[in-house]
Amino acid sequence: MKQDEHIVDMITSFTDIINGLKGFDRKFTNGELVSKMLRSLSEDWNSLRMLIENTKDVNTYPLEELYGTLMTYELNNAETKEKTRRSKEEMNEPHKKQIALKSTNDERSSNTNISDKELDDLVLLVKK
């Protein structure tokens with residue numbers, strides 16, 4: 001399996017090779033196929049490979065079930081990697097400065113007492 005290859009592409013290649021060999025009258029047991037598939041996984045899959053080898057009997061483990069397990073693992077692993085990537089991006093974003101303005105409901109502080117220059121300065125401050 002190539003480093004960034006999707007499991008579906010790997011399964012397709014594996015099936016093509018096995019079918020080609022069957023054309024030359026080469027017979028494979030289910031255990032041989034499962035073992036070959038597990039051995040051909042890249043290092044990223046070591047934890048799942050070891051789990052399957054230690055908990056399942058590879059001689060009776062259906063190849064189709066292995067395919068389903070591998071696809072599910074890849075899907076879950078992709079979602080986890082995406083969440084990790086997003087959180088790293090959020091951590092690397094510069095913090096935005098925020099400004100808070102104090103407001104009052106006092107009748108004496110109405111906008112009519114503010115000159116045009118002061119109003120322009122206030123608008124500029126709020127825009128920044």
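These legends describe close-up views of a predicted model.

The model is predicted, so local features need pLDDT of at least 70 and side-chain atom pairs count only at pLDDT 80 or more, while totals for chains, interfaces and linings use all residues. Residues are numbered from 1 along each chain as its sequence is written, and side-chain values use heavy atoms, with hydrogens and water left out.

**View 1. Overall fold of the protein chain.**
The protein chain has five helices and zero strands. Helices (H or I, at least four residues) and strands (E, at least two) are DSSP runs, numbered from the N terminus. The order from the N terminus is α-α-α-α-α. Of the 128 residues, 20% are buried. Buried means under 20% relative accessible area, exposed over 50%, and partly exposed in between (1.4 Å probe, protein chains only). Contact means heavy atoms within 4.5 Å. Among contacts between residues at least 6 apart in sequence, 66% join residues at least 24 apart.

**View 2. The largest nonpolar core.**
This core holds 20 residues. A nonpolar core is a set of buried Ala, Val, Leu, Ile, Met, Phe, Trp, Tyr and Cys residues joined through side-chain atoms within 4.5 Å. Ile 7, Val 34, Met 37, Leu 38, Leu 41, Leu 66 and Leu 70 have the most contacts inside it. Two or more residues come from each of helix 1 (7–23), helix 2 (30–39), helix 3 (46–55) and helix 4 (63–92). Helix 1 gives the largest share, five residues. Leu 66 touches Val 34, Met 37, Leu 38, Ile 52 and Tyr 61, not counting residues up to four places away in sequence.

**View 3. Helix 2 against helix 4.**
The two helices pack at an angle of about 20°, with their axes 10 Å apart. Axes are lines fitted to C-alpha atoms, for helices over the stretch in contact, and angles run from 0 to 180 degrees between N-to-C directions. Helix 2 and helix 4 are therefore roughly parallel. Angles under 35 degrees count as roughly parallel, over 145 as roughly antiparallel, 65 to 115 as roughly perpendicular and the rest as oblique. Helix 2 contributes Asn 30, Leu 33, Val 34, Met 37 and Leu 38 to the contact, and helix 4 contributes Leu 63, Leu 66, Tyr 67 and Leu 70. By class, these are eight nonpolar, one polar and no charged residues. Ala, Val, Leu, Ile, Met, Phe, Trp, Tyr, Cys and Pro count as nonpolar, Asp, Glu, Lys and Arg as charged, and the others, Gly among them, as polar.

**View 4. Helix 1 against helix 4.**
The axes come within 9 Å and cross at roughly 155°. Helix 1 is thus roughly antiparallel to helix 4. Ile 7, Val 8, Ile 11, Phe 14 and Thr 15 of helix 1 meet Tyr 67, Leu 70, Met 71 and Glu 74 of helix 4. This contact has seven nonpolar, one polar and one charged residues.

Glu 5 sits in the segment before helix 1. Its relative accessibility is 19%, so Glu 5 counts as buried. Glu 5 touches Met 10, Ser 13 and Glu 74, not counting residues up to four places away in sequence. Glu 64 lies in helix 4. Glu 64 is exposed, at 60% relative accessible area. Glu 64 and Val 34 are 30 residues apart in sequence and 9.5 Å apart in space, C-alpha to C-alpha.

**View 5. Asp 25 in its loop.**
Asp 25 is placed in the loop between helix 1 and helix 2. Its phi is positive, about 65°, although Asp 25 is not a glycine. Most residues other than glycine have a negative phi. Asp 25 is exposed, with a relative accessible area of 63%.
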